[in-house]
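Below is a set of questions and answers on a two-chain model.

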Amino acid sequence: MPKMNLSHFEAALLFALFSSVVLGVITKRTDAERLRYGIRCFVYFMAALIGLGWLMHFGHG
Amino acid sequence: MATTSGKAAELTPPASKWAPPVLLGWLIPGGGHFLLKRTGRGSLLLVTVLSMFLLGLMMRGAMFQPQTGDILTTIIYCGGFLGDLASGLLYLLATWLGYAQPDVAGHVHDYGTKFLVAAGLINVLAMVDAYEIATGKKD
């Protein structure tokens, strides 16, 4: 099994991507709604990731 | 009373209707959707769960073993074990073939462990979706 080294950002990005795809697929009824919801979830994930990252950066001083 | 239980029985769909897609969905991610002829959604779920699980293994994530102790230990280790187990055949094959890693320090390993659990939790969502489709609660 090959070993993979990802940065925090890359790992969180992949996590957000996969989670958003599934949330979009299982929650909405039409393909257009699924796509919109998946993109919205991904944007929220990224906003939380970057926001919390900066918050921890400033919290550490 | 008899009428109430009769109504409840009417509302609860028979297990023969939903158990096969849910069980197949547990064993093979997206399998329930394939059984219900939702191949597009099933393929997306299969690719997603499989990718997360393989990435978790490649990041050398650890598989949880159930442990009891204080409440936090019990929740984390038993919950983590259930999350891992929810990946179905992927988990069973990985442990059987010796890919279960010991828990080591490091952010990549830590992310790997979370990816393995998240793959199982996503599969639980897929199983719930398959249940709702099988019982007619969803298209």
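Q: In which loop of chain A is A:Thr30 found?
A: This is a predicted model. Chain A has 2 helices and 0 strands. A:Thr30 is found in the loop between α1 and α2 (31-60) of chain A.

Q: What distance separates the C-alpha atoms of A:Thr30 and A:Leu55?
A: A:Thr30 lies in the loop between α1 and α2 of chain A. Along the chain, A:Thr30 and A:Leu55 are 25 residues apart. The separation of their C-alpha atoms is 37 Å.

Q: How many Å lie between the end C-alpha atoms of α2(A)?
A: The helix α2(A) has 30 residues, which should span 44 Å at 1.5 Å a residue.

Q: What is the count of buried residues in α2(A)?
A: Of the 61 residues of chain A, 18% count as buried. The helix α2(A) is hardly covered. Among its 30 residues, the count of buried ones is 1.

Q: What radius of gyration does chain A have?
A: The C-alpha atoms of chain A fill a box of roughly 45 × 35 × 10 Å along the principal axes. For a compact globule of 61 residues, the radius of gyration would be near 10 Å.

Q: What percentage of the residues in chain B is buried?
A: Chain B has 7 helices and 0 strands. Its C-alpha trace spans about 60 × 40 × 25 Å along the principal axes. Of its 139 residues, the buried ones make up 40%.

Q: How many residues does chain B bring to the contact with chain A, and which class on that side has 15?
A: The contact takes 16 residues from chain A and 22 residues from chain B. In chain B, α4 (39-58) and α7 (107-134) each supply at least two residues of that side. By class, the side of chain B that touches chain A has 3 polar and 4 charged residues, and the class with 15 is nonpolar.

Q: Within what arc do the buried residues of α5(B) fall?
A: Helix α5 (residues 71-85) of chain B has buried residues at B:Gly80, B:Gly83 and B:Asp84. Seen down the axis, they line one face of the helix, because they fall within an arc of 95°.

Q: Which exposed residues are on the face of α5(B) turned away from its buried side?
A: The buried residues of α5(B) have a cover that includes α6 and α7 of chain B. The face turned away from the buried side carries the exposed residues B:Ile71 and B:Ile75.

Q: What is the phi of B:Lys37?
A: B:Lys37 sits in the loop between α3 (31-35) and α4 of chain B. With 8 other C-beta atoms within 10 Å, B:Lys37 is exposed. Most residues other than glycine have a negative phi. The phi of B:Lys37 is positive, near 65°.

Q: Is B:Arg60 buried or exposed?
A: B:Arg60 is in the loop between α4 and α5 of chain B. B:Arg60 has a positive phi of about 60° although it is not a glycine. A residue is buried if 20 or more other C-beta atoms lie within 10 Å of its own. For B:Arg60 there are 21 such atoms, so B:Arg60 is buried.

Definitions and conventions: Residues are numbered from 1 along each chain as its sequence is written. Chains are lettered from A and ligands numbered from 1 in the order in which they are written. This is a predicted model: local features need pLDDT of at least 70, side-chain atom pairs count only at pLDDT 80 or more; totals for chains, interfaces and linings use all residues. Helices (H or I, at least four residues) and strands (E, at least two) are DSSP runs, numbered from the N terminus. The radius of gyration is taken over C-alpha atoms; the globule rule is 2.2 Å times the number of residues to the power 0.38. A residue is buried if 20 or more other C-beta atoms lie within 10 Å of its own, exposed if 12 or fewer, and partly exposed in between; C-beta atoms are placed from the backbone. Two residues are in contact if their C-beta atoms, placed from the backbone, lie within 7 Å. Ala, Val, Leu, Ile, Met, Phe, Trp, Tyr, Cys and Pro count as nonpolar, Asp, Glu, Lys and Arg as charged, and the others, Gly among them, as polar. The arc is that of the directions from the helix axis to the C-beta atoms. The expected span of a helix is 1.5 Å times one less than its number of residues.
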